[in-house]
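Q: I am new to this structure. Please show me how to read its features, one at a time.

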Amino acid sequence: MALTQVYWDHHIPLPKLTSLQAKVTVALVALLCFCNSYDGEFVFDDSEAIVNNKVAGIVGRADLLCALFFQLSFLTYCKAFNKGDFSVHWVAVSLLLCAAAMLCKEQGITVLGVNAAFDVLLICNVNVYELSQRLLFRKNSLFSEILSMGLLRRLGLLGLGGISMLYSRWRIMGTGPPAFTEVDNPASFEESILIRILNYNYYYSLNAWLLLCPWWLCFDWSMGCVPLIKSATDWRMVWLLLLWCFLLGLIGQALCSQDSQRRRTLTLGLVLLVVPFLPACNVFFRVGFVIAERVLYLSSAGYCLLTHIFLLLALTLALLCVYVARCALRSQQWRSEQSLFTSALSVCPLNAKVHYNVGKNLADRGNTTAAVRYYREAVRLHPTYVHAMNNLGNILKEKNELIEAEQLLSKAVSIQSDFAAAWMNLGIVQNSLQKFEEAEQSYLNAIRFRRKYPDCYYNLGRLYADQNRHVDALNAWRNATVLKPDHSLAWNNMVILLDNLGNLAQAELIGREALRIVPNDHTIMFSLANVLGKLEKYKESESFFLHALQINPNAASCHGNLAVLYHRWGKLELAKKHYELSLKLDPEAAGTKDNYNMLLRKLDQLKRKTA
């Protein structure tokens with residue numbers, strides 16, 4: 001779709017711009033083709049990576065929506081100039097679409113800069129080089145003519161809209177910048193300004209290469225993925241020089257080209273390339289990443305426009321086909337966590353987070369031996385990576401390698417003292433090592449740093465139960481159910497403990513309360529049925545046993561205890577049936593064997609009496 005043809009009846013006659021507008025539109029449409037070639041971001045919780053492993057277009061939906069509203073804002077601003085008239089209404093629509101783009105991603109506000117450049121370069125037909133020369137030598141006639149065309153009023157509207165959006169953002173989200181760590185953006189934490197500048201420029205060159213050749217794609221570029229340049233003799237300095245030679249060449253062409261159409265197209269292409277990237281360039285504020293492929297979505301429009309200038313149409317189409325193929329391949333890698341994480345190993349082998357996520361995926365699929373190897377590599381690459389230590393400690397705990405697990409988890413909490421999940425896992429390991437006082441303190445530390453932590457209260461209750469501190473155990477489990485009403489393990493343990501203490505009436509009340517909240521939990525039904533059986537409420541007990549077996553028909557213990565109920569109740573044939581079902585499911589159950597043999601003797605005695 002071509003943009004609306006632009007005319008303006010003022011002092012400077014304007015040419016027909018349909019050709020250039022069509023090129024810009026093609027570039028903006030091609031932008032969406034590039035978007036799916038790049039990756040989204042990941043979000044990390046205490047002990048595991050939470051990954052949206054949908055297709056690339058879903059994981060990056062905020063960036064895609066931002067790109068869409070960015071384009072619409074630009075196109076509606078172009079629409080404001082129609083048949084010599086300037087429409088404030090279309091500018092207002094453009095500003096609203098800009099606000100929508102900014103709500104999706106803050107980067108969307110840069111469309112205001114693109115709109116302003118479009119106005120100056122295409123509407124006012126300004127030769128930037130000539131204007132700078134006239135201003136330098138105090139020849140202001142051209143400048144006065146431009147202002148007389150209403151440019152100042154239009155730029156004022158854009159400026160006012162931009163200030164309003166920034167103020168709204170400040171009111172909603174506050175003034176404080178986000179807190180980032182050194183692993184997120186190590187160059188920004190360097191004390192030497194020179195080293196920071198060198199590394200920022202190296203990051204720019206890598207981003208430029210990703211635009212040109214999006215082959216090295218990775219879901220995360222932090223944690224040592226891009227080693228810092230520490231010296232001017234580093235061979236990677238060549239890429240910085242190539243980048244700036246290329247950019248300076250483009251700027252020279254944009255300023256000095258004799259072809260006015262080519263000059264304006266080049267300038268607008270550079271604006272589309274550079275302006276959307278400015279929020280990610282570390283110049284105005286620190287950003288929380290080394291490279292984020294998603295920030296190149298909008299800059300891709302400028303790249304497409306520049307490519308269209310320098311390449312023939314056939315070469316442009318061929319390049320587009322290559323990018324579409326790369327997009328399809330990358331989307332295939334996004335179809336599963338395994339393929340996504342594994343693909344990153346070849347791109348960023350020094351990234352501890354990549355190894356962590358590969359290990360996490362392997363552990364989730366049951367391959368803990370391989371997971372341990374990747375977790376160890378993550379810790380080796382980043383010795384203070386507490387999440388990797390926590391997950392590695394959990395696996396070692398399951399393998400009964402308790403000493404090393406305790407060492408890892410102790411190191412994790414010494415590095416990050418408020419790491420609640422690691423404190424809880426350390427408590428579990430210490431409990432297994434029978435270090436009860438240390439375990440209790442670890443659980444209390446976890447609760448101190450995360451007050452609403454039902455699983456920790458549950459584990460603390462187990463510790464108290466092992467120490468025969470029954471009241472403390474019941475209180476801990478009650479806290480767990482208050483924080484998480486459907487915490488079935490805590491409910492079940494309360495019923496079992498009260499049953500073991502002989503407090504059957506309280507056990508029955510707790511069991512019934514639990515089933516009102518988690519009505520289909522077969523373990524609580526089983527425990528409550530045992531209590532009701534001891535209270536000689538055989539009919540209710542039978543009902544709960546049978547309901548539990550409907551949910552989990554292969555529970556040998558449930559068949560066995562139902563058989564005991566029938567045995568006490570005098571329904572001996574039913575008891576025999578369920579004893580046999582229980583032994584079929586678990587032939588090694590000694591108690592069930594003894595009860596079954598006792599029943600057989602009783603049945604034999606009854607047969608003799610009747611005979």
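A: Helices here are DSSP runs (H or I, at least four residues), as strands are (E, at least two), numbered from the N terminus. The model is predicted: local features need pLDDT of at least 70, side-chain atom pairs count only at pLDDT 80 or more, and totals for chains, interfaces and linings use all residues. Residues are numbered from 1 along each chain as its sequence is written, and side-chain values use heavy atoms, with hydrogens and water left out.

Q: Is Asn-201 buried or exposed?

A: Buried means under 20% relative accessible area, exposed over 50%, and partly exposed in between (1.4 Å probe, protein chains only). Asn-201 has a relative accessible area of 13%, so this residue is buried.

Q: Which residues does Asn-201 touch, not counting residues up to four places away in sequence?

A: Contact means heavy atoms within 4.5 Å. By that rule, Asn-201 touches Leu-240, Leu-243 and Trp-244. Leu-240 is 39 residues from Asn-201 along the chain, yet their C-alpha atoms are separated by 6.1 Å.

Q: Where is Ser-299 found, and why does Ser-299 count as buried?

A: Ser-299 is in helix α12, which covers residues 296–310. Its relative accessibility is 1%, so Ser-299 counts as buried. Apart from neighbours within four places in sequence, its contacts are Leu-272, Leu-273, Pro-276 and Phe-277.

Q: Which residues of helix α14 are buried?

A: In α14 (residues 337–347) they are Leu-340, Phe-341, Ser-343, Ala-344 and Leu-345. These buried residues pack against α13 (313–333), α15 (352–364) and α16 (368–381).

Q: How should I read the packing of helix α18 and helix α19?

A: Axes are lines fitted to C-alpha atoms, for helices over the stretch in contact, and angles run from 0 to 180 degrees between N-to-C directions. Angles under 35 degrees count as roughly parallel, over 145 as roughly antiparallel, 65 to 115 as roughly perpendicular, and the rest as oblique. The axes of α18 (residues 402–415) and α19 (residues 420–432) come within 9 Å and cross at roughly 150°. α18 is therefore roughly antiparallel to α19. The residues of this contact divide into nine nonpolar, four polar and one charged. In that grouping Ala, Val, Leu, Ile, Met, Phe, Trp, Tyr, Cys and Pro are nonpolar, Asp, Glu, Lys and Arg charged, and the others, Gly among them, polar.

Q: At what angle do helix α25 and helix α27 pack?

A: Helix α25 (residues 522–534) and helix α27 (residues 556–569) pack at about 15°, with their axes 11 Å apart. α25 is therefore roughly parallel to α27. On the α25 side the contact includes Phe-526 and Asn-530, and on the α27 side Asn-561 and Leu-565 are among the residues. The contact has three nonpolar, four polar and two charged residues.
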